[in-house]
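Trainee: I have a model open and want to learn how to read its features. Can we walk through a few of them?

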Amino acid sequence: MSQTVLFLRNVNIYQENNKILSDVNLEVQHGEFIYIIGKTGSGKSSFMKTLYADLPLTEGQASIVDFDLATLKEDKIPYLRRKIGIVFQDFKLLPDRSVYENMIFVLKATGWTDLSEMQLKIEEVLEKVDMKSLSKKMPHQLSGGEQQRVAIARALLNDPELILADEPTGNLDPQTSVEVLEVLKKINENGKTVIMATHNYALLMKFPAKTLKCEDGTIFEVVQKTT
C-alpha cells in the first residue's frame, strides 16, 4: 500500500512578500524519486525551502512526513527536520571537524547520547556512500564529490522518510555528478523517497524519473521524451 509522504493543495509559495509559485498541487508517495527542474530563479529553491520549513507556508494546505506545514510552530521545526534528510549544493560541512566529528555533531544535536550507538550509525551511513575509509579526513582534504557523499551520509543519520536534495550536483563536474546521483538512486532503491532539484538535464536523460518543472510562477509535471 502506498503512503503519502508529501501532500500540497492550492499552495502559494512566497519569498518575503513576493509570490514565487502559485496554486501548487502535488502528492508524493513513499519510495518515489522526483526531479524538480527549472531555470535559475524559477522557484526550485523556494519550493524546497518551504518543504523543510525555511520559508513559512502561509497559503494553502500542505503536509510533509505527517507534519502540517500550515500550522507548524517554530519549536517543532527541528522535529520535522529529523524526519527529512537535506542535501545542499555547497555541502555545508563544518570545516573545523573531521567527517566523523561532523556526524557526531549532528547526532548529538538531534538527541543521541549513547556513543557506541552513534559510532555504529556513523559507520552504517558512511558505508552506504563508500566513505567509511575517509572518516578521519577533514572536509578540505576531500574532493567535491567526496564531500557531497559525506553530506548525503549525514542526511541519512536519523533514518529520514524523505531526502530533499537541492542542486546536489551543482558544484560538481559531470562524471562526479553521475556518481553522486548513482548514490541517491541506490538510496531510493533501498526505500527512501527522494526529491531532487536540479538544472542538470544530462542527469535526467541518464537517470529518467518523474519530473516536475518550475516555470512562469507555477509547477507542473513534464513527460520526458524517450528516444
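Trainee: Where does T110 lie?

Mentor: This is a predicted model. T110 lies in the loop between α3 and α4 (115–128).

Trainee: Is T110 buried or exposed?

Mentor: Buried means under 20% relative accessible area. T110 has 18% relative accessibility, so it counts as buried.

Trainee: Which residues is T110 in contact with, leaving aside its neighbours within four places in sequence?

Mentor: R82 and N158.

Trainee: How much space lies in the largest pocket?

Mentor: Rolling a probe the size of a water molecule over the atoms shows where empty space is left. Here the largest pocket holds about 490 Å³. It is lined by 20 residues, and T110 is among the closest to its centre, along with R81, I86, V106 and R154.

Trainee: Which element gives the largest share of that lining?

Mentor: α3, with four residues. At least two residues each come from α2 (77–82), β6 (84–87), α3 (99–109) and α5 (144–155). By type, the lining has 11 nonpolar, four polar and five charged residues.

Trainee: β6 is also in a sheet. What is the strand order?

Mentor: Strands of a sheet pair through backbone hydrogen bonds, either parallel or antiparallel. In this open sheet of six strands the order is β6-β7-β8-β3-β9-β10, with mixed pairing. β6 and β10 (218–222) are the edge strands, each pairing on one side only.

Trainee: In which sense do β6 and β7 pair?

Mentor: Parallel, over four bridges, with β7 spanning residues 162–166. G85 stands opposite I163 in β7. α5 lies across both β6 and β7, at about 165° to β6.

Technical notes:
Residues are numbered from 1 along each chain as its sequence is written. This is a predicted model: local features need pLDDT of at least 70, side-chain atom pairs count only at pLDDT 80 or more; totals for chains, interfaces and linings use all residues. Side-chain values use heavy atoms; hydrogens and water are left out. On a 1 Å grid over the protein atoms alone, a cavity is a set of points where a 1.4 Å probe fits but cannot get out, and a pocket is an open set with protein on both sides within 12 Å along at least five of seven lines; lining residues have an atom within 4 Å of a point. Grid points are joined across faces, edges and corners, and a volume is the space filled by probe spheres set on the points. Ala, Val, Leu, Ile, Met, Phe, Trp, Tyr, Cys and Pro count as nonpolar, Asp, Glu, Lys and Arg as charged, and the others, Gly among them, as polar. Buried means under 20% relative accessible area, exposed over 50%, partly exposed in between (1.4 Å probe, protein chains only). Contact means heavy atoms within 4.5 Å. Two strands pair if DSSP finds at least two bridges between them. Axes are lines fitted to C-alpha atoms, for helices over the stretch in contact, and angles run from 0 to 180 degrees between N-to-C directions.
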